[in-house]
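Subject: Handover of a structure

Dear colleague,

I am passing on to you the structure shown below.

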There are 2 protein chains.
Amino acid sequence: MIDPRVASGLRDLPPAVMIPRERMLAVFRQTFAGFGFVPIETPHIERMEVLTGKGAGSEEVLRQIFEVTNKGGTPGELALRFDLTVPLARFIAKHVDELGVPFKRYAIGSVFRGERPAKGRFREFVQCDFDTVGTTSHVADAETIQVIHAALSQAQLPKFTIAINERSILHGVLLAVDLDNEAALRAIRVLDKLGKIGREGVLNELQGKGREGAESQALLDEARAQRVLDFVEEGRQQDDPFVWALHQDHITISSEAQAGITALRQIVEDAIDGGVPKDTLKIDFGLARGLDYYTGVVFETVVDGWERFGSVCSGGRYDNLASLYTSRKLPGVGASIGLDRLLALMDEAGWLKGTSTMAPVLVVNFPGSMPAIALKIASRLRAVGIGSEVYPDAIAIGKQLGYGSNRGHRLAVIVGPDEERDGVFNLRNLTTRQEQKGIPWADLETTVQEALAKLREAAT
Amino acid sequence: MIDPRVASGLRDLPPAVMIPRERMLAVFRQTFAGFGFVPIETPHIERMEVLTGKGAGSEEVLRQIFEVTNKGGTPGELALRFDLTVPLARFIAKHVDELGVPFKRYAIGSVFRGERPAKGRFREFVQCDFDTVGTTSHVADAETIQVIHAALSQAQLPKFTIAINERSILHGVLLAVDLDNEAALRAIRVLDKLGKIGREGVLNELQGKGREGAESQALLDEARAQRVLDFVEEGRQQDDPFVWALHQDHITISSEAQAGITALRQIVEDAIDGGVPKDTLKIDFGLARGLDYYTGVVFETVVDGWERFGSVCSGGRYDNLASLYTSRKLPGVGASIGLDRLLALMDEAGWLKGTSTMAPVLVVNFPGSMPAIALKIASRLRAVGIGSEVYPDAIAIGKQLGYGSNRGHRLAVIVGPDEERDGVFNLRNLTTRQEQKGIPWADLETTVQEALAKLREAAT
């Protein structure tokens with residue numbers, strides 16, 4: 001016998017996990033489509049050169065790459081994608097002439113990273129990305145916020161907060177305390193750790209006194225580091241951070257930071273006009289999303305009360321998506337929903353409805369009756385949009401009903417020889433075990449529809 | 001610059017391909033769910049041993065396997081799955097105790113084969129499988145036919161034919177002409193090629209006179225080979241092949257073949273009772289689906305008039321799904337829809353509606369107006385379920401409208417400074433270029449809904 005285990009760091013997704021997952025993906029697809037985003041798909045396998053080209057991925061990610069070889073193929077030529085951004089860049093570079101811009105795409109798919117396996121961390125996981133490529137318009141920035149809000153609201157998340165910043169604000173402030181561009185980018189990467197290592201940790205790192213593996217260059221003296229941190233932390237406390245910021249010294253002396261404030265304000269106002277509730281948004285002048293890749297607005301989303309799960313949807317604006325593959329400059333903005341993280345969070349919070357079936361009705365296969373009756377009943381119910389499963393084997397009714405309650409069917413339709421003779425059926429509520437008896441066949445659809453409507457009402 | 005091409009034998013799927021594809025997958029998911037099938041997902045990467053275990057795949061498929069290695073991993077340990085059946089068998093073997101039987105699962109996902117690239121043949125393609133595992137009931141066999149019929153009908157295929165057989169009929173007939181079991185299985189594999197190599201070719205092969213690479217053993221003399229072929233070919237001409245078959249010599253002397261006829265007749269009757277139109281079904285006593293894996297009913301589906309594309313949905317009943325991984329005997333029945341083949345066929349037949357957007361409305365971003373107006377309009381339309389895209393840049397109106405007609409938006413909503421002042425909007429049909437002017441904002445939702453309803457009516 002061969003051991004039926006999955007490889008290390010991988011996992012099977014059984015129906016109880018897949019059903020809420022598929023429901024959520026359907027919501028995301030519908031949301032993306034509603035905003036005019038269109039789906040694309042790229043192969044799971046890419047040419048190694050495309051994936052590892054200078055700037056395509058962080059060093060850490062490249063160390064985790066899965067190589068792919070077929071018999072007769074040359075080792076080292078192919079690999080599994082580690083995200084959906086590099087494939088998007090390659091796709092756009094290849095197809096931009098036929099597709100035109102602006103190009104709004106979404107992509108949902110597995111990506112692969114050979115990370116050390118750990119609880120809740122897998123070597124294959126799904127990303128849900130959407131991007132608007134080929135425009136510098138702030139309307140696209142605002143719309144990205146709208147999409148995050150719409151997708152997560154429709155996924156039944158009770159309350160979440162989208163943190164927003166414009167990287168040029170932080171950049172301008174750092175130039176205003178006399179850093180050069182390169183040092184400012186380094187300082188931004190340090191400041192981005194504020195949530196993780198705290199004020200003290202960031203202060204130390206900015207002065208080159210961080211722990212091993214951290215920024216080692218002294219970027220700012222203590223006084224200037226404190227001023228920058230004050231700006232970030234005080235900004236978070238403001239009712240109107242824009243008005244406040246425009247009166248701060250760091251800002252008044254930096255035209256870049258001022259322009260950043262103006263842009264961010266416009267984006268936020270547009271998002272609110274587009275239907276995002278104001279209290280869902282939080283301005284955070286310290287937010288930077290590590291990577292230098294982002295050049296404008298940046299976002300992170302946490303579920304209120306579940307901050308420890310980290311961001312469930314992040315993204316931002318970039319200047320040039322596909323510079324590795326084309327000389328054409330392609331700015332854009334986008335975000336990525338961490339499906340697996342979101343589902344893990346919702347599961348732990350008890351927000352996922354447990355069920356192992358999507359068909360609310362089980363039609364019993366009565367021992368001694370012809371299965372044709374059950375098949376016809378199920379077929380009639382499906383014709384009016386009610387999912388109906390016929391139990392395949394004519395075993396004891398009790399066992400069939402037990403199967404139904406275990407899987408999460410709500411109702412069972414039962415026709416035994418007596419009911420068959422009288423042209424009627426019995427309808428059993430699999431939760432309460434109450435049974436309505438002797439309902440005429442002609443009333444099948446309406447009776448079942450009413451019973452399901454009542455169950456739905458009772459559930460809300 | 002890095003060349004943005006995909007690896008050999010792989011491909012990008014642009015929106016024009018993905019939109020009908022996603023629509024079709026949504027139909028399949030809904031159909032499967034409506035019959036009580038539930039989704040599962042297994043990793044794209046499996047342990048090599050699981051994939052290559054004796055009996056897991058045909059030799060040809062195993063030659064085409066893609067090996068996967070990460071840095072620090074041992075070469076030869078992991079590979080990409082080449083179908084969804086082997087992963088299902090492994091999954092069931094591992095999880096059957098917690099899941100219970102009958103277990104009805106569907107799975108949709110990419111599989112990988114390093115085939116020589118050729119027109120219309122790719123190294124990554126999608127399979128859509130559904131199976132009922134853990135039952136020998138003919139109700140599950142009949143239901144498999146119902147699902148094939150429902151899925152393809154709802155995918156808007158005009159007319160297709162599901163060919164059906166019970167392998168034991170052919171097996172019994174071959175025993176009746178004095179073959180032993182092993183020779184009968186070989187003969188079945190030869191007979192299965194009838195469609196491809198014709199009667200003459202099959203006759204030769206059965207006599208051991210086939211071309212190179214074919215069956216070389218002489219299995220039957222010419223007279224007996226002719227009798228078997230007569231049975232198969234005459235059976236196809238019968239109005240009631242069951243009644244006819246029960247009077248054929250080969251059948252009357254074989255209890256196995258008789259039982260096969262009875263079973264097949266029951267399955268067909270049940271499928272018809274379950275709503276499958278009789279003229280969609282075709283009994284074909286020669287159909288065998290090559291692989292010895294199948295042991296009972298087998299199916300193949302061709303689209304009428306497009307037979308040269310081959311079967312778009314095939315499957316059958318098997319005795320023992322997971323014998324490589326568990327001693328528990330797990331019989332079942334299932335089928336697989338060839339999504340890529342089906343879409344290629346529909347594309348060639350002109351049955352796919354060409355569009356590059358799923359949002360019917362484009363909201364123009366009027367130069368000189370605040371984008372807030374466009375964002376609010378789109379937001380209101382989405383709230384009533386109408387997909388609406390806002391053009392991100394305030395460029396010349398003509399260019400925005402051109403973008404809309406190119407992408408397949410149906411209507412454009414236009415609000416310039418005059419309309420803004422008067423609280424009205426203009427609604428432009430992007431196909432006819434007709435424009436309704438000066439509609440009050442309050443009538444936005446109803447006007448757009450009515451216009452879209454009219455367009456849908458006109459299209460049917």
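I begin with chain B, where eight strands form an open sheet in the order 1-5-6-11-10-9-7-8, with mixed pairing. Strands are DSSP runs (E, at least two residues) and helices likewise (H or I, at least four), both numbered from the N terminus; two strands pair if DSSP finds at least two bridges between them. The edges of this sheet are strand 1 (38–39) and strand 8 (281–283) of chain B; each has a single partner strand, so one side of each is left without a neighbour in the sheet. Strand 5 (residues 103–112) and strand 6 (residues 124–133) of chain B run antiparallel and are joined by ten bridges. Within this pair, B:Gly109 stands opposite B:Gln127 of strand 6.

Please note that this is a predicted model, in which local features need pLDDT of at least 70 and side-chain atom pairs count only at pLDDT 80 or more, whereas totals for chains, interfaces and linings use all residues; side-chain values use heavy atoms, with hydrogens and water left out. For chain A, the pLDDT (the predictor's confidence in each residue, from 0 to 100) averages 93, and 100% of the residues score at least 70. The complex receives an ipTM of 0.93 and a pTM of 0.94 from the predictor.

A further open sheet has six strands, in the order 2(A)-4(A)-3(A)-3(B)-4(B)-2(B), with antiparallel pairing. At its edges stand strand 2 (45–47) of chain A and strand 2 (45–47) of chain B, each with a single partner strand, so one side of each is left without a neighbour in the sheet. From one strand to the next, the twist averages 40°. Strand 2 of chain B runs antiparallel to strand 4 (residues 78–80) of chain B, and three bridges join them. There, B:Glu46 has B:Ala79 of strand 4 as its bridge partner.

Finally, in chain A, the axes of helix 1 (residues 15–34) and helix 13 (residues 339–349) come within 11 Å and cross at roughly 125°. Axes are lines fitted to C-alpha atoms, for helices over the stretch in contact, and angles run from 0 to 180 degrees between N-to-C directions. The contact (heavy atoms within 4.5 Å) involves, among others, A:Met24 and A:Phe28 of helix 1 of chain A and A:Leu343 and A:Met346 of helix 13 of chain A.

With kind regards

Notes
Residues are numbered from 1 along each chain as its sequence is written. Chains are lettered from A and ligands numbered from 1 in the order in which they are written.
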